[in-house]
Amino acid sequence: MGMQIGSGGASADPEVMIEMNMTPLIDVMLVLIIMLIITIPIQNHAINLNMPTGPSPPPLVEPVVVNIDVDFDGTVLWDGVAVNPTELDAKLQAAATAAVQPEVHLRPVAVVPYKSVAAVMAAAQRKGVTKIGMVGNEQFLK
């Protein structure tokens with residue numbers, strides 16, 4: 001009683017392999033991926049800017065600052081003097097048409113309704129005031 005090796009048939013031909021050898025295919029694919037990674041250029045999303053060098057020169061003239069305060073009840077104060085909406089429009093128009101437009105610092109009180117502040121900002125935009133900023137925002141961080 002001996003051990004049988006092979007198919008047991010009397011043919012001298014070896015059996016045909018049904019599955020494909022995947023090792024060479026995987027090796028070739030890995031080499032192609034590495035070559036692709038090496039040859040792809042690096043994408044730079046940087047924008048080249050010509051930045052000024054050295055310190056900036058001091059401003060020739062100090063800017064004129066206009067303080068607009070909006071009180072808790074919606075009262076608008078122009079440099080400490082209460083103004084109505086018509087006077088505010090006239091003062092904003094004069095500020096917008098000045099040779100050197102003044103900086104407008106808008107300082108609302110923390111409890112003022114937003115519509116009052118928005119009305120002042122809309123009036124400034126309508127009249128053409130471009131140098132406007134909010135002052136005292138740290139009071140809203142509570």
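Which residues does Asp 79 touch, not counting residues up to four places away in sequence? In this predicted model, in which local features need pLDDT of at least 70, side-chain atom pairs count only at pLDDT 80 or more and totals for chains, interfaces and linings use all residues, Asp 79 touches Val 65, Val 66 and Asn 67, where contact means heavy atoms within 4.5 Å. Residues are numbered from 1 along each chain as its sequence is written, and side-chain values use heavy atoms, with hydrogens and water left out.

Asp 79 belongs to the loop between E2 and E3; here helices (H or I, at least four residues) and strands (E, at least two) are DSSP runs, numbered from the N terminus. Asp 79 counts as partly exposed because its relative accessibility is 42%, given that buried means under 20% relative accessible area, exposed over 50%, and partly exposed in between (1.4 Å probe, protein chains only). The phi angle of Asp 79 is near 50°, a positive value in a residue other than glycine. Between the C-alpha atoms of Asp 79 and Gln 125, which are 46 residues apart along the chain, the separation is 19 Å.

Five strands, in the order E3-E2-E1-E4-E5, form an open sheet with mixed pairing, two strands being taken to pair if DSSP finds at least two bridges between them. At the edges stand strand E3 (81–83) and E5, each of which pairs on one side only. Neighbouring strands of this sheet are turned against each other by 30° on average, direction ignored, with axes taken as lines fitted to C-alpha atoms, for helices over the stretch in contact, and angles running from 0 to 180 degrees between N-to-C directions. Helix H2 packs on the sheet, where it touches E1, strand E2 (76–78) and E3, and its direction makes about 105° with that of E3.

Strand E4 (residues 103–108) is joined to strand E1 (residues 65–70) by six bridges, the two strands running parallel, and Val 70 stands opposite Pro 108 of E4. With strand E5 (residues 132–134), E4 pairs in the parallel sense over three bridges; in E5, Met 134 is the bridge partner of Leu 106, while Gly 133 stands opposite His 105. In a regular strand the side chains alternate between the two faces of the sheet. In E4, the covered face carries Val 104, Leu 106 and Pro 108, whereas the uncovered face carries Glu 103, His 105 and Arg 107.

Arg 107 also takes part in a polar contact, at 2.8 Å, between its side chain and that of Asp 69; such a contact is a pair of N or O atoms within 3.5 Å, and within protein one must be able to donate a hydrogen and the other to accept it, while residues adjacent in sequence count only if both atoms are side-chain atoms. Asp 69 is found in strand E1 and counts as buried because its relative accessibility is 17%. Leaving out residues up to four places away in sequence, Asp 69 touches Thr 75, Val 76, Leu 77 and Arg 107.

The largest nonpolar core has 17 residues, of which Ile 68, Trp 78, Leu 88, Leu 92 and Val 120 touch the most other members; a nonpolar core is a set of buried Ala, Val, Leu, Ile, Met, Phe, Trp, Tyr and Cys residues joined through side-chain atoms within 4.5 Å. At least two residues of this core come from each of E1, E2, H2, E4 and H3, and H3 provides the largest share, four residues. Apart from residues up to four places away in sequence, Val 120 touches Ile 68, Val 70, Val 76, Leu 88, Leu 92 and Leu 106.

Gln 101 lies in the loop between helix H2 (85–96) and E4, and it counts as buried because its relative accessibility is 14%. The side chain of Gln 101 reaches the backbone oxygen of Ala 96 at 3.4 Å, and a polar atom of that side chain also lies 3.4 Å from the backbone oxygen of Gly 128.
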